Amino acid sequence: MNQQSQFPSQPITIKINPADTSAVICPCGSEVFSEGVMLRKISGILTGSGKTTIKGFPVMYCVKCGKAVPEFVPEEFKPIVAC
Ligand SMILES: [Zn+2]
């Protein structure tokens with residue numbers, strides 16, 4: 001019995017024409033980005049553990065000016081990130 005036909009493991013790949021895409025451009029003009037991590041300290045009062053913990057949130061940033069790309073910053077972080 002071939003279970004693979006019922007549960008395909010290969011993700012469906014969609015062919016994308018680069019001409020149909022649009023570039024993400026930083027306000028500084030750069031089109032090159034890298035992934036960084038924003039670290040936030042979480043008070044032990046909030047977690048209930050009594051110890052401050054640190055949580056990382058992935059964010060894309062411009063390699064030229066080093067600023068986070070506004071459209072990639074999670075909505076809840078926008079008020080605290082200087083974009
Ligand atoms: Zn930039």
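Which residue in E2 is the bridge partner of arginine 40? The legends below take up this pairing and its surroundings.

**View 1. Arginine 40 and its bridge partner in the predicted model.** The coordinates come from a predicted model. Lysine 55 is the residue of E2 that partners arginine 40 in a bridge. The two strands involved, E1 and E2, run antiparallel and are joined by ten bridges. E2 spans residues 53-62. In a regular strand, side chains alternate between the two faces of the sheet.

**View 2. Overall arrangement of the elements.** The protein contains one helix and two strands. Read from the N terminus, the order is β-α-β. The protein has 83 residues, of which 5% count as buried. Of the contacts between residues at least 6 apart in sequence, 36% link residues at least 24 apart.

**View 3. Strand E1.** E1 covers residues 33-42 and is hardly covered. Among its ten residues, the count of buried residues is zero.

**View 4. Surroundings of tyrosine 61.** Tyrosine 61 is part of strand E2. Tyrosine 61 counts as buried because it has 20 C-beta neighbours inside 10 Å, and 20 is the number from which a residue is classed as buried. Beyond its neighbours within four places in sequence, tyrosine 61 is in contact with Phe33, Ser34 and Gly36, and also with Gly66, Lys67, Ala68 and Val69. Valine 73 lies twelve residues from tyrosine 61 in sequence, with a C-alpha to C-alpha separation of 9.1 Å.

**View 5. Confidence of the prediction.** The average pLDDT of the protein is 82, and 87% of the residues score at least 70. Among the elements, E1 has the highest mean pLDDT, at 90. The lowest mean, 88, belongs to helix H1, residues 44-47.

Methods. Residues are numbered from 1 along each chain as its sequence is written. This is a predicted model: local features need pLDDT of at least 70, side-chain atom pairs count only at pLDDT 80 or more; totals for chains, interfaces and linings use all residues. Helices (H or I, at least four residues) and strands (E, at least two) are DSSP runs, numbered from the N terminus. A residue is buried if 20 or more other C-beta atoms lie within 10 Å of its own, exposed if 12 or fewer, and partly exposed in between; C-beta atoms are placed from the backbone. Two residues are in contact if their C-beta atoms, placed from the backbone, lie within 7 Å. Two strands pair if DSSP finds at least two bridges between them. pLDDT is the predictor's confidence in each residue, from 0 to 100.
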